[in-house]
Amino acid sequence: MLNSSLKQLSTLLATKKISSVELTGEFLKRVKALNPDYNAFITVDEKMSLAQAQTADAMIASGQAQPLTGIPIAQKDIFCTKGWLTTCGSKMLSNFVSPYDAGVIERFNAAGAVNIGKTNMDEFAMGSSNETSFYGPVKNPWDITAVPGGSSGGSACAVAARMAPAATGTDTGGSIRQPAALCGISGIKPTYGLVSRYGMIAFASSLDQGGPMAKSAEDLALMLNVMAGFDTRDSTSLQRAPEDYARDLAGPLQGLRIGLPKEYFVAGMSADVARAVEAAIAEYRKLGAETVEVSLPNTKLSIPVYYVLAPAEASSNLSRFDGVRYGYRAPEYTDLNDMYQKSRAQGFGAEVKRRILIGTYVLSHGYYDAYYIQAQKLRRLIAQDFAAAFAQCDIIMGPTTPTVAFALGEKSSNPVQMYLSDTYTIATNLAGLPGMSIPAGFGDNNRPVGLHIIGNYFAEAQMLNVAHQYQQVTDWHIRMPDKLIA
Amino acid sequence: MSLSLDDIKRVANLACIEVSETEAATALIQLSGIFGLIEQMQAVDTSAIEPMSHAQDVVQRLRDDTVTESDQRELFQSIAPKTEVGLYLVPKVIE
């Protein structure tokens, strides 16, 4: 059952081979056994999960089941969840029991899915290793000495260790795709605007996008069917007709034009990652796809641009945490300003403070044009690069990350080194394009390698088709660490 | 461009984050490294390019000017650090 697809679990539930209460109980048991070692969950609440499972069983019994009804889903702790502690990985929100549900959570509730717990993450989604979490680092299921990636590291670990059949994540610069790659699972960041940001705690609003993380592309499609959709409460939510993201899974890849950006295949990528990615592309050629070289000349500017725009937006978004209406308040202070200063100094961790300082600086008087506006102009150049590339190809492929999972502690004291690990993923957020990562074998120390698939705007169904066809002829996506096979 | 310790303290004050001397000194080293990365942006001539804030060509949606939320003050204040008779309490501002 641990390796079952969402569709298989749904069939088991529909045919009464198992109830949602039993299924949820099985996964809760596994979380209880494994989580002390992996730290993938911040909050587990058996009572609330089982109550949802009972509701789901009633839905199934009365013939109202939908594809995800009764299936346990792990929720990243960035999504406000009514009655659940919602911490965003921060001391600042360590006492925040959300009084409302995020748009995404509402959609899972309406679909009858069961919340199996809230997953660990880098504080306020700022990090690439899950080491900035106030709740301690998550471990990589493939190697407990390696990072799981971040910021959705807990979600990636939960799926990879089969503590949950699927999970949610959010991706501002790679936070779904990079941990998916490092933990050997699949994940997709949709086109900006498809998934509601209402109740998804904001980091960098023009880049943040929620998306699913699961074992396979087929599972991602079912998850995205629930997650995507217009929400009036998110001013950047796109008003589009609903889609079935699973509709094209079975299509053949004959004649598919895969663009390989020459800038992705030069310096920076380690040899083991290059080998796995090239083997995956060879597999695609066997499936009938052709490859063309494309160019994304402004790739190297992505990281500098991102580290202006994201901190600038973060410094503004995080100004709401003032210790007045909710969240952490310092125990001692002299006056109002001192209360703000101490609450924020004590409530935020080092990486969050660093980014708030960068953001405040680049937005401050006299620097706005030189940094923020310049970055927004370069952002357009980066988006134009992709538009030109998509005139020559249907889909773009490359590595998700330059290396396999690095060791815990290896980069935590060097922010610049840490930032460079997102070098391939950031550009798609800047351009607002959809991107995904699927498992494509193993590199050094038997750690997973991710294949990065970038599509044009709203090409999610096509990307899922491209990934699904590869997963029909390979088995990387159903591999799991030997020690975790029950 | 080079940052100074005073820049760090000024920005921390703007951001309402208390920093000790040691923290400011560490932040100076780390932010200088990050700005070293950011400075690569300045090498590109962007005089003819429009800034981009959103990938899609969308305009801000407007809604009817009607009440959509109900009063949930008690629920929202139940998670506040300090309240009294329906008010959020902060230290005295006016002497």
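In the predicted model, strand S1 of chain A is joined by two bridges to strand S3 (residues 114–119) of chain A, the two strands running antiparallel. Within this pairing, A:Thr43 has A:Lys118 of S3(A) as its bridge partner.

These strands belong to an open sheet of eleven strands in chain A, with the order S1-S3-S2-S4-S6-S5-S10-S11-S9-S7-S8 and mixed pairing. Strand S1 (41–43) and strand S8 (290–294) of chain A form the edges, each pairing on one side only, and the twist from one strand to the next averages 35°.

Among the helices that pack on this sheet is helix H5 (residues 153–160) of chain A, which touches S1, strand S2 (72–76), S3, strand S4 (166–171) and strand S6 (209–214) of chain A, and the direction of which makes about 155° with that of S4(A). Helix H15 (residues 460–473) of chain A also packs on the sheet, where it touches strand S5 (186–189), strand S9 (395–399), strand S10 (435–442) and strand S11 (448–454) of chain A, with a direction at about 10° to that of S10(A).

Between the two chains, 53 residues of chain A are in contact with 40 residues of chain B. On the side of chain B that touches chain A, the elements contributing two or more residues are helix H1 (5–14), helix H2 (21–38) and helix H3 (73–77) of chain B, and the largest share, seven residues, comes from H2(B). Classified by residue type, this side of chain B comprises 27 nonpolar, nine polar and four charged residues.

Note on methods:
Residues numbered from 1 in each chain as written. Chains lettered and ligands numbered in written order. Predicted model: local features only at pLDDT ≥ 70, side-chain atom pairs only at ≥ 80, totals over all residues. Contact = placed C-beta atoms within 7 Å. Helix = DSSP H or I, 4+ residues; strand = E, 2+ residues; numbered from the N terminus. Nonpolar A, V, L, I, M, F, W, Y, C, P; charged D, E, K, R; others polar. Pairing = 2+ DSSP bridges. Axes fitted to C-alpha atoms, helices over the stretch in contact; angles between N-to-C directions.
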